[in-house]
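Dear colleague,

Please find below the structure that I am handing over to you, together with its sequence. My notes on what was found in it follow directly after.

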Amino acid sequence: MGYFRAKTSSQWDSDIKPLQFKPNHTSVYKNFCLLSVTFAFSVGFTLGILIPLVYIKSHNANETESILNETLVTNTSVIKTIFLNNSYGYMNYTRNKFPSVSFVENIKDPSSDEQLIEDGIYWGRTIERALPEGYHDKKHVIWEDYVKNAIAVKMENGCGRMQNRLITFQDGTKGCVRYRQNTDQIQGELFSFYLAKILNIPNLAPSTIRVINLNDPLWRNLRNEIASAQWNSNRPIVLTQFISNLNSANIPNVFKPVERHLNKFDVINMTKNEVLDSGDLIKTLIELAQWSDLIIFDYLTANLDRIVNNLYNYQWNANIMDAPAHNLARKANSDLLLFLDNESGLLHGYRLLKKYEVYHSILLDNLCLFRRQTVDKIKELKSKGNIGHMLRGMFEKLNSETVKDILPTIPDKSVKILNERIEKVSNQISKCESNFSNS
């Protein structure tokens with residue numbers, strides 16, 4: 001430094017006098033240098049480290065607060081409108097703030113370019129095309145025509161409880177006969193079947209109504225068996241095509257109390273499950289797609305004898321949700337779910353709504369994935385308000401005068417309640433569209 005170059009005495013004199021330099025000048029210079037270094041370090045540290053840290057922290061805090069506020073608003077709205085039990089499957093969802101999240105638009109079948117979920121609330125074409133064919137109008141017509149000319153040759157115990165029987169026809173074809181003392185149970189079975197046809201739900205076996213008449217070729221060979229079963233003549237029965245190779249069906253985990261919801265984020269989680277290969281994933285989603293129809297169907301009819309049975313008894317038996325579902329079976333060779341025993345629907349179930357409505361609503365209020373064709377039909381029925389006319393029209397068209405003389409059509413009160421429940425399902429769909437549809 002310049003202070004330490006050799007100087008003449010005259011130069012020292014000129015330098016010292018203004019500063020009043022003292023003999024301890026070395027100590028002063030050292031302190032001055034130390035102070036300068038400290039000051040320079042402090043300024044550099046502040047400019048280089050502290051200010052950026054404070055800025056980043058403030059910026060991140062503001063962004064995090066914004067994300068959390070947006071998430072809180074979203075989730076609070078969803079909780080209020082969708083989920084009854086505060087359990088939901090998308091806790092990390094923050095409206096695309098984090099690009100690393102796999103959103104449902106990108107969830108595809110590994111072997112296809114088509115989506116598993118469409119528009120946020122619909123099962124995609126990959127799932128729709130993989131669904132079992134089931135029983136559509138053509139098969140219903142075939143069964144109806146077959147029974148008109150059928151002759152039963154054998155009757156035995158089977159097809160469920162009480163006075164139901166399994167009958168065998170001349171060609172070996174079999175059918176299940178539902179006999180009840182209460183007419184409204186026969187009405188419930190029949191009009192629930194008609195409602196499934198209107199909704200294009202293919203999970204109910206073909207059925208028709210017949211009357212017990214020992215002079216009819218259908219029953220002529222079964223006089224002794226009918227007497228043994230204590231069936232009365234001139235009573236209406238439901239005759240359903242017998243479906244073989246049925247296995248029990250369990251309630252999926254997403255509908256059990258710990259979870260109890262189905263939306264697109266549940267599908268996201270399933271695609272991330274390393275235990276499921278692509279085949280198992282598609283099979284699981286095929287089952288859930290049928291369950292989405294089942295939940296709507298059972299809510300509309302207020303069916304007491306299927307999932308509501310499990311839900312109601314859960315308060316006494318926590319393991320009941322792990323047991324096979326009541327009156328639900330899986331066809332072994334196609335994974336088709338069969339919705340069995342719908343006799344409590346539309347009449348008996350409606351009379352007990354005050355007691356069981358909370359159980360009917362639990363699954364519907366937590367369902368946000370639907371078959372598009374079912375949603376379209378629900379919206380149409382709500383708009384036209386003509387479900388009563390359609391059900392009564394089918395009853396008039398498909399049954400003989402003998403049947404219509406014995407079996408009443410669906411009551412006005414039931415039609416009124418059914419229209420209210422159609423509106424409730426439509427409202428649930430609208431809520432799901434608001435919360436889950438892709439924008």
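In the hairpin of strand 4 and strand 5, four residues lie between the strands, and G172 there takes a positive phi near 95 degrees. The model is a predicted one, in which local features need pLDDT of at least 70 and side-chain atom pairs count only at pLDDT 80 or more, while totals for chains, interfaces and linings use all residues. Residues are numbered from 1 along each chain as its sequence is written, and side-chain values use heavy atoms, with hydrogens and water left out. Helices (H or I, at least four residues) and strands (E, at least two) are DSSP runs, numbered from the N terminus.

Strand 4 (residues 165-169) and strand 5 run antiparallel and are joined by four bridges; two strands are said to pair if DSSP finds at least two bridges between them. L166 has C176 of strand 5 as its bridge partner. C176 in turn has T240 of strand 7 as a bridge partner, and strand 5 pairs with strand 7 (residues 236-241) over four bridges, again in the antiparallel sense. Strand 7 is also joined to strand 6 (residues 207-211) by five bridges, and these two run antiparallel. In that pair, R210 stands opposite I237 of strand 7.

How well covered is strand 5? Four of its five residues are buried, so that the strand is mostly covered; buried means under 20% relative accessible area, exposed over 50%, and partly exposed in between, with a 1.4 Å probe and protein chains only. Five of the six residues of strand 7 are buried, so strand 7 is largely enclosed by the rest of the structure.

V177 belongs to strand 5 (residues 174-178) and is buried, with a relative accessible area of 1%. Leaving aside residues up to four places away in sequence, V177 touches N164, R165, I167, W219, W231, I237, V238 and L239, where contact means heavy atoms within 4.5 Å. V177 and F242 are 65 residues apart in sequence, and their C-alpha atoms are 9.3 Å apart in space.

Three strands form an open sheet in the order 8-9-10, with antiparallel pairing. Strand 8 (246-250) and strand 10 (337-339) stand at the edges with a single partner strand each, so one side of each is left without a neighbour in the sheet. From one strand to the next, the twist averages 50 degrees. Strand 9 (residues 324-331) pairs with strand 10 over three bridges in the antiparallel sense, and R330 has L337 of strand 10 as its bridge partner.

Helix 8 lies across strand 8, strand 9 and strand 10, and runs at about 10 degrees to strand 10. Axes are lines fitted to C-alpha atoms, for helices over the stretch in contact, and angles run from 0 to 180 degrees between N-to-C directions.

Helix contacts

The axes of helix 7 (residues 264-271) and helix 8 (residues 278-301) come within 11 Å and cross at roughly 160 degrees. The two helices are therefore roughly antiparallel to each other; angles under 35 degrees count as roughly parallel, over 145 as roughly antiparallel, 65 to 115 as roughly perpendicular and the rest as oblique. V267, M270 and T271 of helix 7 make the contact with L281, T284, L285 and L288 of helix 8. By class, this contact has five nonpolar, two polar and no charged residues. Here Ala, Val, Leu, Ile, Met, Phe, Trp, Tyr, Cys and Pro count as nonpolar, Asp, Glu, Lys and Arg as charged, and the others, Gly among them, as polar.

The axes of helix 5 (residues 183-198) and helix 13 (residues 387-398) come within 10 Å and cross at roughly 110 degrees, which makes helix 5 roughly perpendicular to helix 13. On helix 5 the contact is made by L190, F191, Y194, L195, K197 and I198, and on helix 13 by I387, M390, L391, M394, F395 and L398. These residues divide into eleven nonpolar, no polar and one charged.

C159, in the loop between strand 3 (152-157) and strand 4, has a positive phi near 65 degrees although it is a residue other than glycine. C159 is partly exposed, with a relative accessible area of 24%. D335 is not a glycine either and has a positive phi of about 65 degrees. D335 lies in the loop between strand 9 and strand 10 and is partly exposed, at a relative accessible area of 23%.

With kind regards
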